[in-house]
Amino acid sequence: MKIDSMILHHIRMPLVAPFETSFGRELDRECILIILHAEGLNGYGECVADQSPGYNYETTGTAWHILKDFIAPLMLGQDVKDAADFQNRVSGIRGHHLAKAGVEMALWDLMGKRDKKSLRDMLGGAQDKVEVGVSVGLQESPEALVRTVSDYVKAGYARVKLKIKPGRDIGDATAVRKAFPNIRLQVDANSAYTLETAQALKPMDELNLLLIEQPLFEDDIWDHHKLQEQLRTPICLDESIVSPRHARYAIEMKSCRIINIKAGRVAGLSQGVEIHDLCRAQNIPVWCGGMLETGVGRASNLALAALPGFVLPGDISASDRYYKRDITHERFSLNADSTIDVPRGAGLGVTIDEEALNSYTLARLELKPT
Ligand code: OSB
Ligand code: MG
């Protein structure tokens, strides 16, 4: 499709509740909304880089720079045929996966609108709804955590993920497990441990957890192998899996038994599908991670999670768990069976609430062919 222009919106949205992880506490969430114009259509994509480099080295600032100065010039006025063509064009840009993935998402939205096909169908998904869970940030105390989890369980979430860090791990997880003996429970350390300090996680084996997510360094694969040998609970990698190649390394090295797929982290939906295919062929369960997305990124996550290898519940919660007012008119709600419906409209299947978008916009930039 011939790309006529790219518009960037740097946005900041207040979260309904602060979200605290081992890398920090957030009251607002930032991202960049990317709009591609082609053939009279608007394609929307969400770049999930945040204001600070706590989860990933990219930030809204670095992504803005890479989008404006390196990715846009490779697309503006040019016929970008599909995701593979896009990946080929940006292959000379090292890293910056979150920036690339936001543009690839917008391209899929454009192609779906042109072909009147949903993203789910284009990616090869079949399910009408996907199983989801909720990711619960660090709370003041184990008691406060149990209360927060209780609210989510009452709202219908059948799978809960707890954020942990050294000193706030076994105690928190044990309290929740005691209060909810049957819930599907998992924990996420966001790389807060070393191989030595992770010895403290051994009692997690007694809590019947689905998985322990990314305990060690964000770029580690080998020490996770050593730790997995010492744990019965499956290790799931998030941060460390930045490409299909890294997924293969982790599987070959037996560094994890489960993989969290985030299209952003792996440079695009096409790369997420590749990891899904690889894992499916090797019987490695995958699930869809989340980055506190707006309705745009949430629609994309739901479409990806509809692929058959996504056999564990995703970190894709209802819109009201994140934002009072979203930038999409569509809001996603939780069904009684802890699922969320996959959008079926063309492309992402969402429409933008321009008034909300403008109210959240910190900076806007329109890029045209020179
Ligand atoms: O590690 O999965 C993570 C949010 C921001 C950055 C990293 C992570 C998360 C979450 C929230 O856990 C998942 C969500 O509900 O979007
Ligand atoms: Mg994670």
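This is a predicted model: local features need pLDDT of at least 70, side-chain atom pairs count only at pLDDT 80 or more; totals for chains, interfaces and linings use all residues.
Residues are numbered from 1 along each chain as its sequence is written, chains are lettered from A and ligands numbered from 1 in the order written, and side-chain values use heavy atoms, leaving out hydrogens and water. The protein splits into domain 1 (5-116 + 353-367) and domain 2 (121-341), with bounds from an automatic or database domain assignment.

**How the domains meet**
- The C-alpha centres of domain 1 and domain 2 sit 23 Å apart.
- On the domain 1 side, 35 residues are in contact with 42 residues of domain 2, where contact means heavy atoms within 4.5 Å.
- About 3,300 Å² is buried between the two domains, 65% of it from carbon and sulfur atoms; buried area is the accessible area (1.4 Å probe) that two parts lose on being put together, summed over both.
- Phe19, Tyr55 and Asp353 supply 22% of what domain 1 buries against domain 2, more than any other three residues.

**Polar links across the interface**
- There are 19 residue pairs in polar contact between the domains, both residues at pLDDT 80 or more. A polar contact is a pair of N or O atoms within 3.5 Å; within protein, one must be able to donate a hydrogen and the other to accept it, and residues adjacent in sequence count only if both atoms are side-chain atoms.
- Two salt bridges cross the interface, each a side-chain nitrogen of Lys or Arg within 4 Å of a carboxyl oxygen of Asp or Glu.
- Arg325 and Glu355 meet in a salt bridge at 3.3 Å, N to O.

**Magnesium site**
- Asp188 (OD), Glu213 (OE) and Asp238 (OD) coordinate the magnesium ion (ligand 2) at 2.1 to 2.3 Å. Donors are N, O and S atoms within 2.8 Å of the metal (3.2 Å for Na, K and Ca); water is not among the atoms, so sites may look incomplete.
- The donor spacing in sequence reads D-x24-E-x24-D.

**Gly156**
- Gly156 touches Leu334 and Ser338, not counting residues up to four places away in sequence.
- Gly156 and Gly61 are 95 residues apart in sequence and 37 Å apart in space, C-alpha to C-alpha.
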